[in-house]
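Please look over the sequence and the fold below before reading on. The report after them takes a few places in turn.

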Amino acid sequence: MAESKAIKPQNGSILISEPYLGDPNFERSVILLCSHKEDEGSFGLVLNRASNLQLSDVLDVFDEDFDMVLGIGGPVQYNTLHYIHRLPELPQAVKLSDQLYWGGDFETLRTMIDAGLVHKDDIKFFLGYSGWTPGQLQEEIDKNVWIVNNNAANKLFTLDTETLWRSILREMGGKFKVLSNYPDDPRLN
């Protein structure tokens, strides 16, 4: 796919796996690239994989009305918790795009949640992350493992998680819209 090679990944990019990837960790994955530095590597969160755990299973700090299913951010360090949100006022949060942030001061976040200043539709939590060594992500893009989209990050809280992969490809149009209909197992088609 020539289009994906022409678009360079950056902080806030969305990586969409090719439909025939074959890696169960990333099959039909949509990844938010939180940090991308050619000389340091890349860090991202898989957005469309749910765990079987609730936030209350790993944290004892929030009201039960704020409980939610945790996403699986990737196959690296499942014992770490990460979050993306739409809270520009959260100190130390990294701005990824308009109205999309990664991380920030957790104690302030906890205070904001306890005070009712955060709506649970404005934040998503993930266990683990996806990581690439320097140059590895670009190599995978060059091998057509990932389609890069630099215009979808602001839609992440409005699109359904279960259909995210298909929805973003459809919105991209052209040959990407065709890819969105690729069967899960082409042998059964």
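## The model

This is a predicted model, in which local features need pLDDT of at least 70, side-chain atom pairs count only at pLDDT 80 or more, and totals for chains, interfaces and linings use all residues. Residues are numbered from 1 along each chain as its sequence is written, and side-chain values use heavy atoms, with hydrogens and water left out.

## Ser17

Ser17 sits in strand β1, residues 14-17. Strands (E, at least two residues) and helices (H or I, at least four) are DSSP runs, numbered from the N terminus. Ser17 counts as buried because its relative accessibility is 0%. Buried means under 20% relative accessible area, exposed over 50%, and partly exposed in between, with a 1.4 Å probe and protein chains only.

A polar atom of the Ser17 side chain lies 2.9 Å from the backbone nitrogen of Ser29. Ser17 also touches residues beyond four places away in sequence, including Phe26, Val145, Trp146 and Trp165. Contact here means heavy atoms within 4.5 Å.

## Ser51

Ser51 belongs to strand β4, residues 50-54. Ser51 counts as buried because its relative accessibility is 15%. Its side chain has a polar atom 3.0 Å from the backbone nitrogen of Leu53.

Leaving aside neighbours within four places in sequence, Ser51 is in contact with Val69, Leu70, Gly71 and Ile72. Phe126 is 75 residues from Ser51 in sequence, yet their C-alpha atoms are 8.6 Å apart.

## The nonpolar cores

A nonpolar core is a set of buried Ala, Val, Leu, Ile, Met, Phe, Trp, Tyr and Cys residues joined through side-chain atoms within 4.5 Å. The largest one has 26 residues. Ile14, Leu32, Leu47, Ile84 and Ile168 touch the most other members. Elements that give two or more residues to this core include β1, β2 (30-37), β9 (123-132) and α5 (164-172). The most comes from α5, with 4 residues.

Leu32 has contacts beyond four places in sequence, among them Ile14, Phe43, Leu47, Ile84 and Leu156.

Strand β7 (residues 94-97) runs antiparallel to β8, and 3 bridges join them. Two strands pair if DSSP finds at least two bridges between them. Val94 stands opposite Trp102 in β8.

The hairpin has 2 residues between the strands. Here Gln99 takes a positive phi near 65 degrees.

Conventions
A polar contact is a pair of N or O atoms within 3.5 Å; within protein, one must be able to donate a hydrogen and the other to accept it, and residues adjacent in sequence count only if both atoms are side-chain atoms.
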